[in-house]
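Reader: Got a structure up and want to talk through it. Can you walk me through the contacts?
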There are 2 protein chains.
Amino acid sequence: MADDDRGETLADLGEFTVIDRLVEGRLHAPIVLVGPGDDAAVVTAGDGRIVVSTDMLVEGRHFRLDWSTPHDVGRKAIAQNAADIEAMGATTTAFVVAFGAPGATLGDDALRLSDGLWDEARTFGASIVGGDLVAAPQWVISVTALGDLEGRVPVLLGGARPGDLVAVIGDLGRSAAGYALWLKDIHDFDGLRRSHLVPAVPYGQGRMAADAGATAMTDVSDGLLADVRHLADASAVGVDLLREALAADHGAVAGAATATGEDPWAWVLGGGEDHALVATFPGAVPDGWRTVGRVVEGPARVLVDGAEWTGDTGWQSF
Amino acid sequence: MADDDRGETLADLGEFTVIDRLVEGRLHAPIVLVGPGDDAAVVTAGDGRIVVSTDMLVEGRHFRLDWSTPHDVGRKAIAQNAADIEAMGATTTAFVVAFGAPGATLGDDALRLSDGLWDEARTFGASIVGGDLVAAPQWVISVTALGDLEGRVPVLLGGARPGDLVAVIGDLGRSAAGYALWLKDIHDFDGLRRSHLVPAVPYGQGRMAADAGATAMTDVSDGLLADVRHLADASAVGVDLLREALAADHGAVAGAATATGEDPWAWVLGGGEDHALVATFPGAVPDGWRTVGRVVEGPARVLVDGAEWTGDTGWQSF
């Protein structure tokens, strides 16, 4: 029993009661052969391969509970992991989630986190098939995403060739703009502030890009310049980006840049966490993707309008 | 550059340099189609299914860096996750590992952790195929294990039937004994102290049990009574354990129990983290397994020598 009216905590409820509440009543996709509650889950791997990626989110570093609701945190954790699977040209099918939190965390907040995980996963038909719940000094959410290539060749970082077009689908600079607004306590630009809390990943577009013949692909987690640089390094090519082709992204954050006194191009070119997809195509770019540059001969480097970019280039973990 | 002679830290080196050092020169098994360095890894899933489980270890809660070396922590993280895959009757093939640590962590300590992960995984032929490295206020290691059932039916918690024999392979009570010795700063009983830092998982025996017709199985992570209770609940059966059959485990910890003033039976019956396997068999028990009791009609409960056990029954996360 709780000793006040805040509601029962994880310490009040105990690990197994909390887990029972988190998994109760969740509807699993048919690919889930054994769901939560056993030593491990069993999931179908349609074409005899599985795509796998993991990301950890730490309270105070990757999210703040005075900005994000637990539901937002759950959605973000799923979104950023699914983006990595998308970037291989695969469909995300299942997740396992390890959650560390203080014993004083409300059971209801853990449930809202789980609801956020499930609500985001459900938008593309995936299930949360297992997890772990442990005590930790702050919230830590570690998500592993599994994906199915459905017979496709995985789209790697290293396949871009000179002459390919570089194209993007999804937002650029919105999360960075939102972060600046939150930091400066500016309450306008609600859409941008939301973008920082929960990215809008272009689900299904990784598969579309693979089917359209993408030669290389990644998601924009560290910032466009940084992530394209990884692709350029792995492919041993240069990439020339055109700011003119990014005018819509610039326009979407220009007002917030004025309000915060920051450079909108630093957000568009250097801001991460929107989890747009960027890919290279030898031929036509798929519907909905916008061409933002082209691949040129090496050395590996990223140019903006033909020149080195000297502004911000993204985030470092340490 | 480091500003003292302790060596370079994660903050000095930066995320990407550290990751490069952690993955450099590791030899991957043939099942790894795409290894670390891309947005996600790709691993073969031989029989069209994948077994998946995740566990999080938090510094101060699941390990202490004044007791364990970083190498020990890596081995333990792999061992406890692989035990969950074993308990399904599968072979563990691959892992992804998310590592959170303070920026002041030495790069060499991160490398030693990675060496521990790899050294343990290599004992059963598995690879670390991907990961994440983030800043966190303390060490947090979150491991996801993938396994291959190789055509077997997964061995679940819920398949035990009255008349089955209950059998164990692996250690019981050693980790709990070691923990008491570490806590009380007693420097004898080196083997038990080591058992607490790195469990000795009976790798390959989950598959053996499945092939021998095991009807239910789990690994002993919370303590024999607690884990057999999960099996009894899921199977709606009773289990009667015989202390006489656990005499060897009792004997292995009796000296340490005398030295610490604790009850050796509490360790053998209630101590977790050794990650022995416990399974039920309708017929003969496989070589190397020891029969420790039998399955009886419900209600779901666990008896010791025919009576309710009133001592310790394991660990709670909160």
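Author: In chain B, 67 residues are in contact with 67 residues of chain A, contact being heavy atoms within 4.5 Å. This is a predicted model, where local features need pLDDT of at least 70, side-chain atom pairs count only at pLDDT 80 or more, and totals for chains, interfaces and linings use all residues. Residues are numbered from 1 along each chain as its sequence is written, chains are lettered from A and ligands numbered from 1 in the order in which they are written, and side-chain values use heavy atoms, with hydrogens and water left out.

Reader: How much area do chain B and chain A bury between them?
Author: About 4,900 Å², with 65% of it on carbon and sulfur atoms. Buried area is the accessible area (1.4 Å probe) that two parts lose on being put together, summed over both.

Reader: Which strand of chain B gives the most to the side that touches chain A?
Author: Strand E3, residues 49–58, with nine residues. Strands are DSSP runs of at least two residues, numbered from the N terminus.

Reader: How many salt bridges across the interface?
Author: Zero by the rule, which asks for a side-chain nitrogen of Lys or Arg within 4 Å of a carboxyl oxygen of Asp or Glu.

Reader: Which residue is the bridge partner of A:Val43?
Author: B:Ile50, in E3(B).

Methods:
Helix = DSSP H or I, 4+ residues; strand = E, 2+ residues; numbered from the N terminus. Pairing = 2+ DSSP bridges.
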